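Please keep the model open beside you as you read.

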Amino acid sequence: MSTVGRLYDRVMERAVHDLGGRPTTAPIDRTEHELADWELLMDAIVGVLGKNGLVNVDELRRGIESMQPDVYERASYYERWLYAIETILAEKGVLSPGELDSRLDT
Amino acid sequence: MTFRAGQLVRIAARKHEGHHRTPDYLKGKSGKIERVHGSFTNPETRAYGTDGLPLETLYLVGFDQPDLWPRYASKAKDRLLVDVYEHWLEAT
């Protein structure tokens, strides 16, 4: 399991995604946005990974919840999905560490 | 199945460890079993790549809103209904 996963799995008071009832004065952003192509693709990839038994929805959630709190706060919805499947697929050895980054650099 | 509809229960006040679906704001709070949903695979173990067996019983638990929020200002009879797995429930 990744270092990030172990950080998340340790006992803590409350995880970053567990927002219900947390006091805030920040307004809720209810604006809709047109989905970008990469967001549609992200949705499709997660669907295919689920259908083929590689990443289930609970693993996806756990991957999202394992994000460092500051990274989680800054990330958009589908950026969190991307982070999660990269984490889970690396754990399972489907992706090797840094594989996606190295492909992006070429 | 341990609990029946109508029974009073308390949500375990365990700290956060690993993936689970019991929200923080319910921990340590008391509610009433409204309904037994049935048995389902356990998301807490499925989240780590297992088949989620043995099956866990899932309940619909009802809470009085004023019990959850210290400064709840609306109707005292308002209730909140949440799905909670059996291993988070304690008899009161």
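1. A word on terms before we start: helices (H or I, at least four residues) and strands (E, at least two) are DSSP runs, numbered from the N terminus. This is a predicted model, in which local features need pLDDT of at least 70, side-chain atom pairs count only at pLDDT 80 or more, and totals for chains, interfaces and linings use all residues. Residues are numbered from 1 along each chain as its sequence is written, while chains are lettered from A and ligands numbered from 1 in the order in which they are written.

2. Let us begin with chain A. Its elements, read from the N terminus, run α-α-α-α-α-α, which gives six helices and zero strands. The C-alpha trace of chain A spans about 45 × 40 × 30 Å along its principal axes.

3. How much of chain A is buried? Of its 106 residues, 19% count as buried, that is, with 20 or more other C-beta atoms within 10 Å of their own, these atoms being placed from the backbone. Two residues are in contact if their C-beta atoms, placed from the backbone, lie within 7 Å. Among contacts in chain A between residues at least 6 apart in sequence, 61% join residues at least 24 apart.

4. Now turn to chain B, where five strands form an open sheet in the order S4-S3-S2-S1-S5, with antiparallel pairing. Two strands pair if DSSP finds at least two bridges between them. S4 and strand S5 (89-91) of chain B stand at the edges, each with a single partner strand, so one side of each has no neighbour in the sheet. On average, neighbouring strands of this sheet are turned by 45° against each other, direction ignored; the axes are lines fitted to C-alpha atoms.

5. Strand S2 (residues 30-40) of chain B pairs with strand S3 (residues 56-64) of chain B in the antiparallel sense over seven bridges. In S3(B), B:Tyr59 stands opposite B:Val36, and B:Gly62 stands opposite B:Lys32. S3(B) also pairs with strand S4 (residues 79-85) of chain B, antiparallel over seven bridges; there B:Val61 faces B:Val82 in S4(B).

6. Finally, where do the chains meet? The contact takes 15 residues from chain A and 12 residues from chain B. Helix H3 (residues 57-65) of chain A gives the largest share of the chain A side, five residues. That side divides into three nonpolar, three polar and nine charged residues; here Ala, Val, Leu, Ile, Met, Phe, Trp, Tyr, Cys and Pro count as nonpolar, Asp, Glu, Lys and Arg as charged, and the others, Gly among them, as polar.

Definitions and conventions
A residue is buried if 20 or more other C-beta atoms lie within 10 Å of its own, exposed if 12 or fewer, and partly exposed in between; C-beta atoms are placed from the backbone. Axes are lines fitted to C-alpha atoms, for helices over the stretch in contact, and angles run from 0 to 180 degrees between N-to-C directions.
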